[in-house]
Amino acid sequence: MKKVTLALLGAGDRGMNAYGSYALTNPDEAEFVAVATRNKDRRKKFQQLHGLKDEMCFASWEELLDRPKLADAILICTPDRMHFHPAVKAIEKGYHILLEKPISTDPGECLKIGEYAQEYDRVFMLCYVLRYTPFFQALKKILDNGKIGRLISIHYSENVGIMHYAHSFVRGNWRNSEESCPMILSKSCHDMDIFIWLVGAKCVKVSSFGKLSYFVEANAPKGALSRCLDGCPAKYDCIFYAPDVYLRENSGFSSTVISVDTSEQGRINALKDGPYGRCVYKCDNDVVDHQLVNLEFENDVTISFSMCAFTNECTRTMKLMGTKGEIRAALDKNELEITDFMSGTREVIHLNPYQDRHSGGDYGIMQDFIRSINGVGKELTRVTSAVESHIIAFAAEKSRRENRVIMIEEYIEELKKQMK
């Protein structure tokens, strides 16, 4: 198999760590040769990790894509609102593309990308890592084998986890729908894609309800200050007190995100001046902290989906109901329980523990991307098929805001008219 050369746009956590580590651990398969990011510290760190030449390190995606083609493929991991234009230019330049979700924060641009991608003979995949997890691979196989008969309905919960929500969606990059995108798109478009994959049919109807109910100033403790390190009097009773979250010895993933310098002093400096040192009740966040979505598919399958911040664990749990049996499944436990209605027997499947933060999906999607470029991959998450899940997410947000049921075909026609 030919070694694939890669360029990275945007050296965020996923690009640097999850996908960057694949190239480091599989040097015969893939190698990074260029990087572009406005963050000087992250650019330098990525350069050092992969031994890049100075002339192959750029301060913006525009600089890199203005050059003649520098690699076989490009990974676009820029902020949400900076996906569409780099993707268009990269495909015109002849790159194979692995694009971070969402495709775009604009539904019309999502449709345009889908149309554009069909014009070019490239590998163009979206980072829908859930399809590549052993958990969802096993679930899909059970359904396809007919073990519970015909699928009728799914109850599905995305348990965001209260600390993860506070980190990413109150203080972090995905807190504000104007700067990023609505919660249903930024966090749950993965799940909309999984529904399409499991059901095997088009979604025809969407309704949704949800609000930002808790992380607002009205719920701030008495006397709470705008920044935790300014001597906030509520620090002893607040689970979101930033030093307790980010300065603990074993504070985990979240502390590695707030600063490139992860020393204690580096993190303290980040909390003094950066977004993660703010009071969670006094941020500029506006995305919902709980949302329900109801979906109906053309083969009569119905799905009830719940996204909620107010959970202890950060995981996905679900119940799939068919004509011959049912499946209960929990992603964090890597466990699936199948009940047969006729015999009453229960089969419990325990999958092997996964190694990365995204349940084994990061490694799986990078492996398939590299193999697809070499003509032997599956391309499970082609961008052309990923457009539908985005449209569902946008329709759910439209339903939530307008308090009405959205018919998907009518919504798509409406978008196409606006595009003309």
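Glutamate 62 and arginine 38 form a salt bridge through their side chains, at 3.7 Å from N to O, in what is a predicted model. Glutamate 62 belongs to helix α3, while arginine 38 sits in the loop between β2 (30–36) and α2 (40–50), so this pair ties together parts 24 residues apart in sequence. With a relative accessibility of 29%, glutamate 62 is partly exposed. Arginine 38 is exposed, at 55% relative accessible area.

That is one of 23 salt bridges in the structure.

The next pair is aspartate 300 with arginine 150, whose side chains meet at 3.9 Å, N to O.

Arginine 401 forms a salt bridge with glutamate 397, and the closest N and O atoms are 3.0 Å apart. Both residues are in helix α14, four residues apart, or about one turn of the helix. As a reminder, an α-helix has 3.6 residues a turn, so residues three or four places apart point the same way.

As for the network, salt bridges link Glu158, Lys187, Asp191 and Arg316.

Now the sheets. One of them is an open sheet of six strands, ordered β3-β2-β1-β4-β5-β6, with parallel pairing. Its edge strands are β3 (57–58) and β6, each of which pairs on one side only. Within this sheet, β4 and β5 run parallel and are joined by four bridges. Leucine 75 has leucine 98 in β5 as its bridge partner. Helix α2 packs on the sheet and touches β1, β2 and β3, its direction making about 155 degrees with that of β2.

Which of its residues are buried? They are Phe84, Pro86, Ala87, Val88, Ala90 and Ile91. Their cover includes the strands β1 (4–9), β4 (73–76), β5 (96–99) and β6 (124–126), along with the helices α3 (61–66) and α5 (107–119). After α4 comes glycine 94, which has a positive phi, near 100 degrees.

The other sheet is also open. Nine strands make it up, in the order β14-β13-β12-β11-β7-β10-β9-β8-β15, and the pairing is mixed. Here the edge strands are β14 (346–350) and β15 (406–407), each pairing on one side only. Helix α9 (residues 189–199) packs on this sheet, in contact with β7, β9, β10 and β11, and its direction makes about 160 degrees with that of β7.

Some of the strand pairs in detail. Strand β7 (residues 151–159) and strand β11 (residues 315–322) run antiparallel, joined by eight bridges. β11 in turn runs antiparallel to strand β12 (residues 325–330), with five bridges between them. A hairpin of two residues connects β11 to β12. In that pair, leucine 320 stands opposite isoleucine 327 in β12. Further along, strand β13 (residues 335–340) and β14 are antiparallel as well, with five bridges, and glutamate 337 stands opposite valine 348 in β14.

Last, back to helix α14. How do α14 and α15 pack? Helix α14 (residues 383–402) meets helix α15 (residues 408–419) at an angle of about 95 degrees, and their axes are 11 Å apart. Angles from 65 to 115 degrees count as roughly perpendicular, so α14 is roughly perpendicular to α15. On the α14 side the contact is made by Ile391, Ile392, Phe394, Ala395 and Lys398, and on the α15 side by Ile408, Tyr411, Ile412, Glu414 and Leu415. By class, that contact has eight nonpolar residues, two charged and no polar ones.

That is what I have. Comments are welcome.

Definitions and conventions:
Residues numbered from 1 in each chain as written. Predicted model: local features only at pLDDT ≥ 70, side-chain atom pairs only at ≥ 80, totals over all residues. Heavy atoms only, no water. Axes fitted to C-alpha atoms, helices over the stretch in contact; angles between N-to-C directions. Parallel < 35°, antiparallel > 145°, perpendicular 65-115°, else oblique. Contact = heavy atoms within 4.5 Å. Nonpolar A, V, L, I, M, F, W, Y, C, P; charged D, E, K, R; others polar. Pairing = 2+ DSSP bridges. Buried < 20%, exposed > 50% of the residue type's maximum accessible area, 1.4 Å probe, protein only. Salt bridge = Lys/Arg side-chain N within 4 Å of Asp/Glu carboxyl O.
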